[in-house]
Amino acid sequence: MYLRHLQVTDFRSWEHVDLPLEPGPTVLVGQNGRGKTNLVEAIGYVATLGSHRVSTDAPLIRHGCERALVRVAVVNEGRELTVELEIAPGRANRARVNRGAVGRPRDVLGILRTVLFSPEDLALVRGDPGERRRFLDELLVLRAPRYAGVRSEYEKVLKQRNALLKTAGKRRGNDPYALSTLEVWDNHLATVGAQLLAARLNLVADLAPHAAAAYAGVAPDSRPAKIAYRSRLDEALPEGYGVAGGARAEEDTLVEILLQALGESRTAELERGVSLVGPHRDELELVLGEAPAKGYASHGESWSFALALRLGSYELLRGEAGGEPVLLLDDVFAELDRRRRARLAEVAASAEQVIVTAAVDEDVPGELTGARFVVSEGEVKRA
Amino acid sequence: MYEGVVQDLIDELGRLPGIGPKSAQRIAFHLLATDPVDIGRLQDVLGKVKEGVRFCDVCGNVSEEEQCRICRDLRRDPALICVVEEPKDVLAVERTREFRGRYHVLGGALDPLSGIGPDQLRIKDLLSRIGAEEVTEVIIATDPNTEGEATATYLVRMLRDFPGLTVTRLASGLPMGGDLEFADELTLGRALSGRRAL
Ligand SMILES: Nc1ncnc2c1ncn2[C@@H]1O[C@H](COP(=O)(O)OP(=O)(O)OP(=O)(O)O)[C@@H](O)[C@H]1O
Ligand SMILES: [Mg+2]
Ligand SMILES: [Zn+2]
């Protein structure tokens, strides 16, 4: 698929931009702080309904404005769809497809698929487990949009259950009702949690070979890289779950395993007032040779690993139904050495569409010459 | 911030469900500009609603008498109870004209975050009603969202032990994450006729 048009209004630093786009490489060049990343962020928002830089929407709205508008025209196998999002913090976003309102913004997921490389990706390797869970979940939603609903339902059930654990823990012993409702929330947590968990395990199984190959491609002299899903349930999980070529994770099996684990940790949970088992406690483990990447990998190795996770995601999505994703490369070439630059450029040059940002032209590899735009104060001009 | 009583009005309106600060402001200034006669009428019903309206002793629906119109209606099938969260849901189901039984209004859904457990809902009343009346089927029509689903599961567990009682849940087709009240009549009607036993 490719973006044929991007239009943003009052998004970040942009009052208004209207950008016709084409398949193949597009380069946005401009000095620091001119708003290149802001444009990439707007595109990414349509694909994921979130920013890769901030967790709330307020910073996305141009200072002094009430809402931002992003509109894209996406062409997927010859069919064009227009998606328009109105982002207004403090209330629900509004979405339209081909100018008609859709029930929920979530319904636009899947129309535009992107894989975004950015300087923030280093946090995938060096950051908290939460960063890696988010990486998995976002990829999951790109793969199958219905998981956006599963994810949000899981969050809700988890919040409710934690609230109950807190109050029930305090009044333990004299509240028979609390325990019977806890069982209800256990069931819901296990049912929705199993859907999320199964999908993540299968995702990791499918992504692992791509990520390992991508790492070998960008850092052939380094020790091999491996990814694995780590869960508190590890010993209880059937053999082969989450492993490339292994058994596909089954939701029904996981419901039983989760319920069992919840039963076992009930006392501890009541004491601490939080849910201690479930996908919200799990982790994507990154291993280099024999050691975990986090805390051991060098700066260059960490970068290669982050790059490999994105490249692997791209290769995975590209090989599945739903349309080849648009590749977004925000300011990444400047960070890479010659070999990694060449490898990334090679993949990017083969993409149906790739949008690259850079502060100076020298940072853009020769393979990616295509449409060139100069981003300056308040405007984007075709050069 | 506006001065004194205008701000008080905005604050009060802002406390109402579904009204954000912006709408509260808009409504407040609309009221300020409204003819005193119209304001008088509004004041009048607001006063009466608290004095004159009560909740039905049997089902918990809003009512002007001890029992609501539906509970008093002898043509309604007493063997069938439809359990809903709020009085507005009774209206939604009534609009479908698919349902000939009676209702039970819980007054909300299980919602630990807001401190709402079984004790805060009219669940005990429901159980004693089923024990006392000749009820053969309970249809659970809580909202198809997180809290509504949890409430439904809880009710199923509580109702399991009544001999000869059929418990059904509205058939899906209702959009998940939704509100019964906003389901269109056709969808809701279909969900009612296609309800499944639990
Ligand atoms: N909500 C906002 N309203 C107005 N301006 C904003 C807003 N958010 C960010 N900006 C401005 O946008 C600019 C940053 O834009 P952006 O990150 O896209 O720059 P860039 O071109 O990618 O720069 P670099 O080359 O350094 O990465 C900053 O000057 C910042 O002040
Ligand atoms: Mg930037
Ligand atoms: Zn009644």
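A residue is near a molecule if one of its heavy atoms lies within 4 Å of it. By that rule, 16 residues surround ligand 1. The closest are Gly33(A), Lys36(A), Thr37(A), Asn38(A) and Ile61(A). This is a predicted model, where local features need pLDDT of at least 70, side-chain atom pairs count only at pLDDT 80 or more, and totals for chains, interfaces and linings use all residues. Residues are numbered from 1 along each chain as its sequence is written, chains are lettered from A and ligands numbered from 1 in the order written, and side-chain values use heavy atoms, without hydrogens and water.

By class, the shell of ligand 1 holds 2 nonpolar, 8 polar and 6 charged residues. Here Ala, Val, Leu, Ile, Met, Phe, Trp, Tyr, Cys and Pro count as nonpolar, Asp, Glu, Lys and Arg as charged, and the others, Gly among them, as polar.

Now the polar contacts (pairs of N or O atoms within 3.5 Å). A polar side-chain atom of Lys36(A) sits 2.8 Å from an oxygen atom of ligand 1. A polar backbone atom of Arg34(A) is 3.2 Å from an oxygen atom of the ligand. Pro59(A) places a polar backbone atom 2.9 Å from a nitrogen atom of ligand 1. The protein covers 72% of the 650 Å² of accessible area that ligand 1 has on its own (Shrake-Rupley method, 1.4 Å probe).

Note on methods. Polar contact = N/O pair within 3.5 Å; in protein donor to acceptor, adjacent residues only side chain to side chain.
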